[in-house]
Amino acid sequence: MTRDGSWSAVWKESGSPHHEALHNQAGALTEALQLYASLTVPNLFQDYPSPPGGSIRILDACFGLGYNTWATWKLLAESLDQNPEFISAPYLIQTLAYEQFSEWAAFYPQILALESFSSLKPKIPPLEHNIYYQTLVSPLQIRFPIVTTSLQLDLYLKDLRNFVQDAHTSNLTFYRIFHDAFSPSVCPELWSVELFEGYARHLDPKFGLLITYSTAAAVRGALQEAGFKMIRIPGVGQKKDATVAALSQQALERVLASTPGASPLTLEEEAYLNSKAGIPYRDPALRDSSESVISRRQAEQAGSDRRSGKFFRGKTAQR
Ligand SMILES: C[S@@+](CC[C@H](N)C(=O)[O-])C[C@H]1O[C@@H](n2cnc3c(N)ncnc32)[C@H](O)[C@@H]1O
């Protein structure tokens with residue numbers, strides 16, 4: 001259990017020395033609400049008074065126990081209660097999610113039963129207990145109607161790197177991308193330039209935001225190389241900051257104006273980004289092992305004439 005009373009889980013790959021908690025220990029739910037949901041819901045209806053094709057899409061990369069989606073839906077449900085004029089709008093808010101391990105599905109009913117999600121209860125049919133059984137079918141598609149506005153979850157039990165190649169996503173544009181993979185040192189292949197280039201092709205160029213807890217220089221370096229601009233926003237618990245990236249400066253300006261503590265990257269962070277520490281992970285065919293992705297970066301760092309990142313160690317956040 002994390003410190004706000006919400007459940008987490010620990011992932012350990014068999015045969016691997018790595019293990020990592022799925023969530024911020026300060027609070028799985030708190031991070032989902034403060035970082036991902038609250039940068040999504042408040043502007044959604046204003047940004048799309050009449051969404052193209054009637055759909056607004058969110059990509060929840062690395063779904064895990066689903067907190068980022070459930071938290072977004074909770075705020076959405078509460079927002080609809082306060083703004084009944086939107087209830088009659090013919091919106092479909094569709095979340096596409098990727099997850100590699102079907103084991104987590106057994107916990108979804110428990111997570112949705114948390115008191116914090118009680119505002120969702122009257123708005124979704126009692127589907128919770130079917131989720132586990134439906135995740136045995138791949139790809140899974142469950143639709144949760146909220147009043148007359150529909151929420152739809154399409155959960156794909158696949159490696160996230162398929163997102164870039166999957167035909168069903170090839171023409172889709174996303175309003176938000178929640179990038180919540182395991183840390184770059186454990187899962188470097190999910191923080192590569194090529195994966196982020198895939199995101200750049202699918203993020204709404206005007207309002208779209210990519211949100212991640214990571215502030216690692218390698219991650220920001222990959223985002224920068226993939227064409228993103230970025231800012232820092234306050235993190236949760238021990239994590240001082242988090243990163244919000246966008247294709248347009250306008251999208252970031254709105255976050256800067258509406259999020260207390262949000263700011264452009266500091267000069268020190270910019271310098272760190274331009275040191276060897278900012279050399280990104282690369283995965284050209286989107287199918288290399290973690291080890292290959294790490295050694296490719298180490299080789300590039302060894303041959304680079306950038307300043308060493310050690311100079312900055314301890315001064316800037318890393319994860
Ligand atoms: C930090 S956790 C995400 C927590 C999640 N957002 C939540 O709210 O519970 C990272 C997740 O990435 C999943 N994962 C690991 N490798 C993956 C891959 N290659 N493709 C998709 N998901 C992956 C893990 O199973 C884990 O659930």
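This is a predicted model: local features need pLDDT of at least 70, side-chain atom pairs count only at pLDDT 80 or more; totals for chains, interfaces and linings use all residues.
**Entry 1: the ligand shell.** I listed the residues around the ligand and got 19. His 23, Leu 65, Glu 99, Leu 160 and Asp 180 come nearest. I then sorted the shell by class. It has 10 nonpolar, five polar and four charged residues.

Entry 2: Which residues place an N or O atom by the ligand? Cys 62 has a backbone N or O atom 3.0 Å from a ligand nitrogen. At Tyr 67, a polar backbone atom lies 3.0 Å from an oxygen of the ligand. Asp 159 uses its side chain: an N or O atom there is 3.2 Å from a nitrogen of the ligand. I also checked the ligand's surface. Taken alone, the ligand exposes 600 Å², and the protein buries 98% of that.

**Entry 3: the faces of β7.** I moved on to strand β7, residues 176-179. In a regular strand, side chains alternate between the two faces of the sheet.

**Entry 4: the neighbours of β7.** I traced the pairing next. β7 pairs with strand β3 (residues 55-61) in the parallel sense, over four bridges. Here Ile 58 has Arg 176 as its bridge partner. β7 also pairs with strand β8 (residues 209-212), again parallel and over four bridges. Arg 176 has Leu 209 as its bridge partner in β8. Last, I followed the chain from β7 through helix α7 (residues 193-202) to β8. This β-α-β crossover is right-handed.

How values were computed. Residues are numbered from 1 along each chain as its sequence is written. Side-chain values use heavy atoms; hydrogens and water are left out. A residue is near a molecule or strand if one of its heavy atoms lies within 4 Å of it. A polar contact is a pair of N or O atoms within 3.5 Å; within protein, one must be able to donate a hydrogen and the other to accept it, and residues adjacent in sequence count only if both atoms are side-chain atoms. Accessible areas come from the Shrake-Rupley method with a 1.4 Å probe; for residues, only the protein chains shown count as cover. Ala, Val, Leu, Ile, Met, Phe, Trp, Tyr, Cys and Pro count as nonpolar, Asp, Glu, Lys and Arg as charged, and the others, Gly among them, as polar. Buried means under 20% relative accessible area, exposed over 50%, partly exposed in between (1.4 Å probe, protein chains only). Helices (H or I, at least four residues) and strands (E, at least two) are DSSP runs, numbered from the N terminus. Two strands pair if DSSP finds at least two bridges between them. A crossover is right-handed if, with the strands pointing away from the viewer, the path from the first strand over the helix to the second runs clockwise.
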